[in-house]
Each structure stands twice: as C-alpha cells, then as structure tokens.
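Work through the exercises below with the sequence and the structure in view. Try each task before reading its solution.

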Amino acid sequence: MKSKINGIVILALMVTAGCSSRSAVTAPEASGRQAPSPKISSPVTPPETVSLPTASAPSSSASLSGYGFDQWQNGPLGDVFYDFDSTVLSAEAQNQLKQNAAWLENNSANKALIEGHCDSRGTSEYNMDLGERRASSAKEYLVRLGIASSRLETVSFGEERPFDTGKGEDAWAKNRRAHFVMKK
Amino acid sequence: MQFFRYVVTAVMIFLCFPLSLFAAERGEYIAIHKEGSGKITLALNKLDVPVKEESRLAERLDAIIHDGLDFTGLFTMISPPINVKTNNSGEKVVLNFGALDSVGAAVYAGGAVSNTSGSITLYMEVYDTSGAKLLLNKTYNGNPQQLRAIGYAFCADLIELLTGKKSIFGSKIVFVSNKTGFKEIYECDFDGHELRQLTNSHSISLTPALSPDGRYLAYTDFSSGRPALYIRDLSEGKISTIGKSGISIDPGWRNSREVATTLSFEGDQEIYLIKTDGSISRRLTFSKGIDLSPSFSPDGNKMAYVSDRNGLPQIFIEDLPSGQVSRLTFSGRYNTQPSWSPAGDKIAYTTWESGSEINIFVTGIDGSGLKQLTEKSGENESPSWSPDGRMIVFTSSRQGSKKLYIMQSTGENQRPLLQSEGEQMQPSWSKFCQ
C-alpha cells in the first residue's frame, strides 16, 4: 500500500519477525501472539510515554518499527494484536495503546477508526462478533486513558479482510488485531 | 412461478377414484416409507411424443424429472423393462405389471408430452405395480421456458402422494459467493439450478436468510462501512434497516413478520427481535458476552443460539414465553451455527475440532441422540435443513476452496450442490416450497 518508502525497513522487519517468531513459538497450539518484531522494539514503548507529550510527533522510521507497525500499519497509530479467541490486551498491546493515546492527545483534531479483525479459523459469524469485541477493547482502553469516546469509532470485519492471506500461525497472528485508521 | 394447484390435482383424482381407495393407497405408501424400509423403487419411463420433432423436448423433460426425483434420495430409479407396454395396438395401451414386478419396481411413472404452438402439455400417470392400480393421472401445462417448473410440478405431486409430506420442489437456497471478487448474495433452486445474483453492493454481504413466506430476504451488508442488517422486500425491492450504531449480524427468522439478529448498540452483543420495517420488537438475550446466530423452533416459542457466556462458544436454547435458558451442547469446545429442524425435534450445528477441521452434528433438542454427520473432510459449516427435513445443505472445504454441498439429514450421500467460480458459503434453505 503506502509502504514504498519504507520498503527496505519493512523487508528487514519481516525477515527478523519470521526468525524470532519461529524460535519463540514452538508449541503447535494457538497461544502464540507473536508481534511482528518484538525483540527490536524496546526503545519505542516505555509505559510512561502516556504522560510525556514528546512521545508523539513521529519522525517516520522511529515510530514505524516496533510492535504495532508492519507493512499494513505505518502509523502514526500502531495496531494491537490478540491471542486466539481472545480480546485481552497484552502488556505489549497496552504499551502500544498508551503510545496511541499520547499521539491522540497531541493531535486533538484527529479521530480514529478502530477495525477489529480475526484470523480465518472458527466460524465467520462468531468471528464478526469477536472482531467487534477486539475493537471495543482497544477503544475502552483509550477512553480510560482520557481520549474522548466521540473521537474513536469501531467496526468489525471479522475474518472478512485478512491482512495476511496465508495459512499458519504466522499469518493468523497478524490477522488477530485491532487496526487503527486515521480520520480527519 | 408454479401454476399447478393442488386443488386441480385433488379434483382430478377424486373424479377418477372413490375417495376411500385413494386414501388407502396413499396411507399404504406413506407407511412403506415411514418404516424406513429404504428407497422406493421407481420405474420411470421415457415420455412419449406425438411427432418425432418433439423428441428433444421429451428428452429434456425426461432428464429434468429423472434428475429431480433422483436428487431427493427417496427413490431407486430403474428403467422399465422393454416389454412394459403390451397390447400396443390402437389407442389402448396396457401396462405389463408382471414385467414391472419382476424387475422389482414398486411404482411406475410414465406419460407423454406435446408442444402445441408454444404451449407444453405434460400428461403423467403413476401406478402401484403390485396392485396394478392407478395412483395419479394429471396434466401439466406451461410455456417452453417453464419446462423445469413443469417437470418439478409432477415430481412434487408424486412425492407428496407417496410420502404424505410436502417435497423440496419449489424451495430455494440463498447463499454467499465471492465469484465477482466481492461477497454477494445469490439464490438457486433446491438442486442448484437457476442460479441468480440477488445483491450487487460491491461491498461484503453475508448470512442471507429468506422469510418463511419467501417475501423478505434478511442479510448483513457492509455498504455503509459497517455490518448492518438489511431486510429486503423481494417483490417491491424496498430495503429496511435498523438504524442503530454498532454491528447487526446473522439474522434468523422467527416467522414471516419477525427476524432476530445480534445488535451491539447497547454495548454488549445481544439478540433482538426485529419487525420487517426495521423497528425493534424486543430484546431476547441478557447475558454478558457474545450472543449470536438465532434459529427458532417451528412454533417460534424456542430459540437456539450461540453464547460464549462460559468462555468458548456453546449452543443454548431459550424458551421465549418463560425466558428460561438451558445449555444444549456439552461435547466439543467450540460449537456454533445452530439450525433447528423443520419437524422441531432436532438441531444441527458445527463443532470446531482440533486443527482446521469443522464438523456438522445433529442432536435432539434435549441433547440426546447426538450424531456426527461429517468427518475428516476439512471445514464443514453452516448446516441448513431442507423444508421437508430430509436433507441438509452446508459448506465444505473438502476439495480445497469452500463450496456448497448437500446430504441426507442422516449424513448419507454427501455431494456438491453446484459448480460455480470462487467460493460459496453460508447457505440457507427456504422454509417454503412454492
């Protein structure tokens, strides 16, 4: 999509992600919500950023790396990922949402649409409901951090719009997400 | 459109036979079939034509009737012996019942078709071969474009005569297909013929369901940017929506005036009853978490649905008058997509097994008599009963991509319903047969 500029960065991330996830997730069961590149993202998401106005103003490459960013999300608001059949926000997901909240605080004219997505397993009607609960979980967290509810819209796409159309846990993990779309 | 009325059948038959004889014959055949003695062996003869030019017409109609009857799984279809007709001199044709009996035919059907300046006339006779008794003789009319309807009208009469129940002829199946690149709603006849696209929203259209009287199509549509319930009046083309925030998905009709669907405008995902104008009639579920996929008992007093109130999704039954809720499924961790049988005694649903296998099960409404209908064939989903309860249409990925399949409600004779590009899914069989 709009990832031409950062193609090389992304390619590098993908390679890294592939390696790290393979080594991290050895169990066949669907417990691995591996973020695209958890290992190299540590500088980006200190939990304290919520109260730091400076945490926003992304100068592209810095904010494009890390947990919430991949070829389908290049900012400024990062996506969050979920375990199988879960709407629970992991520590990494919470960190990403705090970062998103900080950005939204500093860009008060912007609104966001939060799309809930699921992997293709299970039945599609159930996944439509699950997707909405994921979007809602992300929205509720942001509202608790002080973002006005009216600035955050949610929608579910269930399993209808997968990001990665492949099969297997690597692809599924990328599709279990709340995806942020900026709205003016 | 069908143009033959049972009144006509009744009048014609009563003119020919004393009522008591007919009732006795009918009862006998119903009894034979109910005993589960297997299929009825039917000798179906090729249609006669008055002139050679019409032999192609007769062949087409032969195939329509043969394939239609064969599709139901009720018959063992055999060709009559060559010497089935004796004394073939003059006008009078006499059937050789001895010969029919010797090849094991329980029922014989045959007749003639003619085309008089664009008007097709099919005349059919049906005999009980053991008693050499005429069970049905009837004339069907229509234009050449209605050839399939003409053939099916006879099939419907024959099955109702032999089984005492309405047949599937005249019923429709609605489903989702992505063959244009978008998920749109389509319909076809019960046997996969007469494929027709019903939506063209270039968005995502999902979970179609026809009202029991066939007047309305309810489905979920993303045209507005979010999943919303559309209730389309198929005769007038008018669409009603609910106009609430949040999602509305997976409708199930309670009767021809009320459809239930999941809405989330109050925060939690709950099932509501909606009138055909889109207004909310009342809320049906009150549990925290997902409540989804309503399917009603034939009298509309009970609703099977999916709830994840205990963690993973299971099927529950709510008694609407009392509001009492009981859990139906206990085996399997992930049970969804309930479909209540037309007779009211069974519920079909799907269990997601380990790996990427999903299977269809049928259980009694008290949870007894659990039976697995599919196995080791990929993802088998979205079971929906035929209006006579004898068959189930479903989605299967057994050949790779998702396609529509059909089986007897016992699980026997699983086969593809139609050949179409792309993936087909979420079939829903109409309650009506006209």
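**Exercise 1.** Are A:Phe157 and B:Phe222 buried or exposed? Then describe how their rings are arranged.

Solution. The model used here is predicted. Start with accessibility: A:Phe157 and B:Phe222 are both buried. Next, describe the pair. Two aromatic rings are described by the distance of the centres and the angle of the planes. For A:Phe157 and B:Phe222 the centres are 5.3 Å apart and the planes make an angle of 20°. Planes under 30 degrees apart count as stacked, and A:Phe157 and B:Phe222 form a stacked pair. Last, locate the rings. A:Phe157 is in strand β3 (residues 152–158) of chain A, and B:Phe222 is in the loop between β12 (216–221) and β13 (228–233) of chain B, so the pair joins two chains.

**Exercise 2.** Classify the aromatic pair of A:Tyr67 and A:Phe81 and locate its two members.

Solution. A search of the whole structure finds 20 aromatic pairs over all chains. In the pair of A:Tyr67 and A:Phe81, the distance is 5.4 Å centre to centre and the angle between the planes is 90°. Plane angles over 60 degrees count as edge-to-face, and this pair is edge-to-face. A:Tyr67 lies in the loop between α2 (61–64) and β1 (80–81) of chain A, while A:Phe81 lies in strand β1 of chain A, 14 residues apart. To judge burial, use the cut-off of under 20% relative accessible area. A:Tyr67 has 3%, so A:Tyr67 is buried. A:Phe81 has 1%, so A:Phe81 is buried as well.

**Exercise 3.** Describe the largest nonpolar core and say where it lies.

Solution. The largest nonpolar core has 49 residues. Those that touch the most other members are B:Leu69, B:Phe75, B:Leu122, B:Phe154 and B:Leu417. Helix α5 (residues 147–163) of chain B gives the largest share, 11 residues. Domain 1 (6–163) and domain 2 (172–429) of chain B both contribute residues, so the core lies between them. Now take one member. Leaving aside neighbours within four places in sequence, B:Phe75 is in contact with residues including B:Leu69, B:Leu158, B:Ile159 and B:Leu162. A second, separate core has 24 residues, among them A:Phe157, B:Leu206, B:Ala304 and B:Val306.

**Exercise 4.** Which rings have the charged end of A:Arg177 or the residue B:Arg309 over them?

Solution. Take A:Arg177: its charged end sits over the ring of A:Phe163, 4.2 Å from the ring centre. Then take B:Arg309: this residue lies over the face of B:Phe316, 4.7 Å from the ring centre.

Terms used:
Residues numbered from 1 in each chain as written. Chains lettered and ligands numbered in written order. Predicted model: local features only at pLDDT ≥ 70, side-chain atom pairs only at ≥ 80, totals over all residues. Heavy atoms only, no water. Core = buried A, V, L, I, M, F, W, Y, C linked by side-chain atoms within 4.5 Å. Buried < 20%, exposed > 50% of the residue type's maximum accessible area, 1.4 Å probe, protein only. Helix = DSSP H or I, 4+ residues; strand = E, 2+ residues; numbered from the N terminus. Domains from an automatic or database assignment. Contact = heavy atoms within 4.5 Å. Phe/Tyr/Trp six-rings, centres within 6.5 Å; stacked < 30°, edge-to-face > 60°. Lys NZ or Arg CZ within 6 Å of the ring centre and 35° of its normal.
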